[in-house]
Amino acid sequence: MLAAINISKSYGRVHVLRDISVSVHPGKITVLLGPSGAGKTTLLKCMGLLERSDCGTVRIDGKEFHFPVAEGHSMRPPWPELTVVFQQHFLWPHLSIRQNILLPVQHRTDLSLPRFHELIDLFDMGDFIDRYPNETSMGQRQRAALARAFVLNPKFLLLDEITSALDVEQIHNLFLHLAEMRKRGIGILLITHLLGFARALVEGAEGDEVVFLDNGVVIEKGGVELFDNPHTERLKKFISGTRFNT
Amino acid sequence: MTILQILVTYREAFLSGLIVTMKLVGIVWILGILFGITVGILADRFPALVGYPAFAITFLLSGIPFLVLLFWAHFPLQSLLNVVIDPFITASWVLTLVNTFTVSEIVKNVLRDFPEQYVIAAKVCGLSSTTTLLHIKFPITFRQLLPPLLTSQVNILQATLFASLISVNELFRMAQSINAVVYQPVAIYSALALFFLAICLPLNGLALWLKARYSRNLSER
């Protein structure tokens, strides 16, 4: 399990996260919802150990990272067992899509070529696998970024607003990919602004969780019922305000 | 006399001028690039200790016309120090100094503007710091560095002509000497222009091509 326990984070005098606890279970999806500036990306970075929290603990499969880190101590984050796909993908521009996917695994022995070909089929990348990132569409780049993360056999995958700039067909394909990853036992933390997409993902999936974050605080968390029966006024307002964004 | 006849008749003089120019530019390119890259990397890593002083020197040098700097190093400085230095050495060091700080600024800016997200992506993909340096940082930095570096080195090559003014017998000075004998300025200076065009244009073209190619590759930033 990946868990953030009582995490707080400030930038100067701005408190971005206050005493937050969120968990991601293997083979489950935790969806992080909230308005812009709620602290979602900061929480994702803290859980991905890309940012150091001011206090609290990040637990990854029993291994604990306590914050603040004592002076002189360095962290050894368990990347790529825990990996991140960013909104902007960050594919290496001087490498083809194939090289982008294969570079992280070229020194690893636990990847066989059939698995790579399986990935090409799974993400339908045959047409552009040898192109450079700038020669591909946003949707293709996103599939490549997901494949680059997926080929690493991660236990936990953190996805930061990867639905932005995708058309409806690409979002549908992404839905299928995420469902497939969940089926394979990967724990997924997903930040999205698309409530319909989030709802479809967690609907009918036992144990998936929805967390609503606002102003650095967890306002509500629960299952798919949260979309129909929000307990707080803040979440009600958020959901009603997103009727244009399904 | 035609251009060809002049080149054949005075081939030894042209050749000796060409050798001096190539020696001069070779020294200035090699030392300037080596020192410049070193200072640039140090300036990026230690801004207070190296970065700001290096920037101050670059800023100061940019305010002094190169010819003034060269003359000052050749006449007043040597007079002040009461030494006589071979003009070739003076020109080499002045040009190397200018090249060093030009290159260091280019290197420092490229390193400073390196898109850190590519390193973060490498981290979360589990790449080691050595693999990240060799396969991510170095290739991207090299591609960013090459076009402005090539352009600056073309400028340095052209600046070697000023060395003739402190009596370095490089190509331009030899061309002037030959012209003083045969007085065929059109032919001689055309030949000289062709020589510089043959070297500078391909380098500038390469810089433009690299810039177009690699800036396109980074366009999804």
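**The open sheet of chain A**

In chain A, four strands make up an open sheet, ordered E2-E1-E4-E5, with antiparallel pairing. Strands here are DSSP runs of E, at least two residues long; helices are runs of H or I, at least four residues long; both are numbered from the N terminus. Two strands count as paired if DSSP finds at least two bridges between them. Strand E2 (14–24) and strand E5 (63–67) of chain A stand at the edges. Each has a single partner strand, so one side of each is left without a neighbour in the sheet. From one strand to the next, the twist averages 20 degrees. Axes are lines fitted to C-alpha atoms, for helices over the stretch in contact, and angles between N-to-C directions run from 0 to 180 degrees.

The model is predicted: local features need pLDDT of at least 70, side-chain atom pairs count only at pLDDT 80 or more, and totals for chains, interfaces and linings use all residues. Residues are numbered from 1 along each chain as its sequence is written, while chains are lettered from A and ligands numbered from 1 in the order in which they are written.

Now the pairing of E1. Strand E1 (residues 2–11) of chain A is joined to E2(A) by seven bridges, and the two run antiparallel. Ala4(A) has Val22(A) as its bridge partner in E2(A).

Helix H1 (residues 40–47) of chain A lies across E1, E2 and strand E4 (55–60). Helix H1(A) runs at about 120 degrees to E1(A). Contact means that the C-beta atoms of two residues, placed from the backbone, lie within 7 Å.

Strand E3 (residues 29–33) of chain A pairs elsewhere. Four bridges link E3(A) to strand E8 (residues 187–191) of chain A in the parallel sense. Ile29(A) stands opposite Ile188(A) in E8(A). E3(A) is also joined by four bridges to strand E9 (residues 209–214) of chain A, again parallel. There, Thr30(A) has Glu209(A) as its bridge partner.

Is E3(A) buried or exposed? Five of its five residues are buried, so E3(A) is largely enclosed by the rest of the structure. Buried means 20 or more other C-beta atoms within 10 Å of the residue's own, exposed means 12 or fewer, and partly exposed lies in between; C-beta atoms are placed from the backbone. Both faces are covered. Ile29(A), Val31(A) and Leu33(A) are buried on one side, Thr30(A) and Leu32(A) on the other.

Next, the whole chain. Chain A has eight helices and 10 strands. Its radius of gyration is 18 Å, close to the 18 Å that the globule rule gives for 246 residues, so chain A is as compact as a globular protein of that length. That radius is taken over C-alpha atoms; the rule is 2.2 Å times the number of residues to the power 0.38. The C-alpha trace of chain A spans about 50 × 50 × 35 Å along its principal axes. Of its 246 residues, 41% count as buried. Among contacts in chain A with a separation of 6 or more, 66% come from residues 24 or more positions apart.

Finally, the partner chain. In chain A, 19 residues are in contact with 19 residues of chain B. Strand E6 (82–85) and helix H4 (138–150) of chain A each supply at least two residues of the side that touches chain B.
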